[in-house]
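Trainee: Please take one part of this model and go through it closely, with the cut-offs behind each term. I would like to know how the rest of the chain is arranged around that part.

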Amino acid sequence: MEITVTDAQQTIRVGEQLAPLLKPQDVLLLDGDLGAGKTTFTKGVAQGLGIHRRVKSPTFTLVHEYHDGRLPLYHMDVYRLEDADPGDLGIAEYFDGDGVSVVEWSQFIKDELPPTYLLVRFIKDENDDSRRTLRFEPHGERAKKLVDQLASRVK
């Protein structure tokens, strides 16, 4: 499934629409270029979960935890793990925990990923800097169900 957005508010809205469908141990992988909208999308997921704190990129801290919503949100930016061993950091414990894990730059921890996750690719339009395509790629039955449910919400 693909959704085209033309500004940050639309990106946030897609995240908000996905949030009510999420359950504990759901894993969302957000991949795309710098500035493609990954953290903006995460802001929408947080809002949809009822989290009112400011969401910002965890680039320098690896993980930001938000516990004040319907479910805990674990927002990870693993870009800096390109040359590290992510197995030593306990990332898998978040995946098996009581909340939703959102991971930016997941290609750097591919060996640590659970078997079921929803990959969202953020693709910038070459001709329009404000336009993005969000491509939802489910891995596993739970993720397929999420995509089907989201598709019925964003029509």
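**The sheet and what packs on it**

Mentor: Of the 155 residues in the chain, 49% are buried (under 20% relative accessible area; over 50% is exposed and anything in between is partly exposed, with a 1.4 Å probe and protein chains only). The model is predicted, so local features need pLDDT of at least 70 and side-chain atom pairs count only at pLDDT 80 or more, while totals for chains, interfaces and linings use all residues. Numbering starts from 1 along each chain as its sequence is written, and side-chain values use heavy atoms, without hydrogens and water.

The chain has four helices and seven strands, taken as DSSP runs numbered from the N terminus (helices H or I, at least four residues; strands E, at least two). From the N terminus they follow as β-α-β-α-β-β-α-β-β-β-α.

The part to look at is the open sheet, seven strands in the order β1-β7-β6-β2-β5-β4-β3 with mixed pairing. At its edges are β1 (2-5) and β3 (63-66); each has a single partner strand, so one side of each has no neighbour in the sheet. Neighbouring strands are turned against each other by 20° on average, direction ignored; axes are lines fitted to C-alpha atoms, for helices over the stretch in contact, and angles run from 0 to 180 degrees between N-to-C directions. Two strands count as paired if DSSP finds at least two bridges between them. Strands β2 (residues 27-32) and β5 (residues 100-104) run parallel and are joined by four bridges, and L30 has E104 as its bridge partner in β5.

Helix α2 (residues 38-48) packs on the sheet, touching β2, β4 (73-77), β5, β6 (117-124) and β7 (132-139), with its direction at about 155° to that of β2. Contact means heavy atoms within 4.5 Å. Helix α4 (residues 141-153) lies across β1, β6 and β7, at about 140° to β7.

A nonpolar core is a set of buried Ala, Val, Leu, Ile, Met, Phe, Trp, Tyr and Cys residues joined through side-chain atoms within 4.5 Å. The largest one has 30 residues, and L18, F41, V45, L73, L118, L134 and F136 have the most contacts inside it. At least two residues each come from β1, α1 (8-18), β2, α2, β5, β6, β7 and α4; α4 gives the largest share, four residues. Another core, of 17 residues, lies apart from it and includes V27, V63, W105 and Y117. Beyond its neighbours within four places in sequence, F41 is in contact with T11, V14, G15, L18, L30, F122, L134 and F136.
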